[in-house]
Amino acid sequence: MATQTIGATTTPGTMTGSLEATAPLPRRVSWGAILAGGIVAVAVGAMLSILGVAVGASSVDATNAQSPSGSTVGIAAGAWLLISNLIGLAVGGYVAARLSGSADGTDSTLHGLSVWAIGYLLSAVLLGNIIAGTASTATQGLSSIVGGVSQAAGQAASAASGPASRLASQIDPQQIIDRAQNALSGTGGGDPAAMNSDQRKAEIGQLLTRRVTDGNLPQGDRDRLSRLVAAEYNIPADEANRRIQQVEQQATETAQTAERRAREAADAAATAGAVAAFWAFAAMLLGAVAAVLGARMGTRNANMAARRYA
């Protein structure tokens, strides 16, 4: 309740008096109307979106080569989603304005903006619940698949244990140990011609790994790599150097290509994010305009009805 001054009188020879009375100020907001308008906006938008999904699904025919392409379907789906949200917000703003009982244009505008905000909040909550439910279902399904795969792997391992044990009995463990020792001993810088193939390959692998990780090799290591390659593949030293240079060039080109593609992908992702943000802003702005227009239309119709029945 607020105090409102009704009037004041002054009479000669008397004191100036004022008559004060308490009268309630008119209510300028109706949260019930706003909530109802927001719910109506979300419901109408969802209904129209479902209609768009039905129409789009009916237009796709996997057996017909004339079916619309994926890009066309995506553009049409995005446009219809925007249109359905705008229609829903306009209807929600209209409902809120008519239920608020206010005949003021500013009040209707504020009711429309409130419906727009409530509608987007409700949509975000519903979308979050849907995503959470989908993720939970996917997690449960993945757990079931992993459990089934583990069980099948256990059964396969049990079935293969018999043949595997027989095969293991036919392999000489000493051969495996000798082969590993030969590979490990190929790092001492001995004569490549006196080394076996396992030793040369092991040292070649180590030198190539250093070349990739460090970006370059000292001249001594490059000469060592050349002798190892020449001895391993029984080719002249010049041919070994040519092959090494060719491999290094290919590795450099591959690394440069990968770096360029990574930068292009990052730039494309940043551009796509910026475009998506601008489109989201435009969609929300258009939604606010649609809600306000619907509310103003509701207020105008209410005023017309009041004058008609007055």
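This is a predicted model: local features need pLDDT of at least 70, side-chain atom pairs count only at pLDDT 80 or more; totals for chains, interfaces and linings use all residues.
1. Let's start with Leu293, which is exposed, at a relative accessible area of 55%. (Buried is under 20% relative accessible area, exposed over 50%, partly exposed in between, with a 1.4 Å probe and protein chains only.) Leu293 sits in helix α7, residues 237–309; helices here are DSSP runs of H or I of at least four residues, strands are runs of E of at least two, and both are numbered from the N terminus.

2. Numbering runs from 1 along each chain as its sequence is written, and side-chain values use heavy atoms, with hydrogens and water left out.

3. Overall layout: the protein has seven helices and two strands, in the order β-β-α-α-α-α-α-α-α from the N terminus. Of its 310 residues, 19% are buried. Take contact as heavy atoms within 4.5 Å; then, among contacts between residues at least 6 apart in sequence, 63% join residues at least 24 apart.

4. Areas come from Shrake-Rupley with a 1.4 Å probe, and for residues only the protein chains shown count as cover.

5. Have a look at the nonpolar patch of about 470 Å² made by Leu51, Val55, Trp80, Ile83, Ile87 and Val91. The elements giving two or more residues to this patch are α1 (31–58) and α2 (70–100), and α2 has the largest share, with four residues. Patch members need over 30% relative accessible area and no salt bridge; like charges are joined within 9 Å, and nonpolar side chains (Val, Leu, Ile, Met, Phe, Trp, Tyr) within 5 Å. A salt bridge puts a side-chain nitrogen of Lys or Arg within 4 Å of a carboxyl oxygen of Asp or Glu. Trp80, in helix α2, is partly exposed at 30%.

6. Last one: Glu232 in helix α6, residues 219–233. Glu232 counts as buried because its relative accessibility is 15%. Its side chain makes polar contacts with the side chains of Ser197, at 2.9 Å, and Arg200, at 2.8 Å. (That's a pair of N or O atoms within 3.5 Å; within protein, one must be able to donate a hydrogen and the other to accept it, and residues adjacent in sequence count only if both atoms are side-chain atoms.) Neighbours within four places in sequence aside, Glu232 is in contact with Ser197, Arg200, Lys201 and Ile204.
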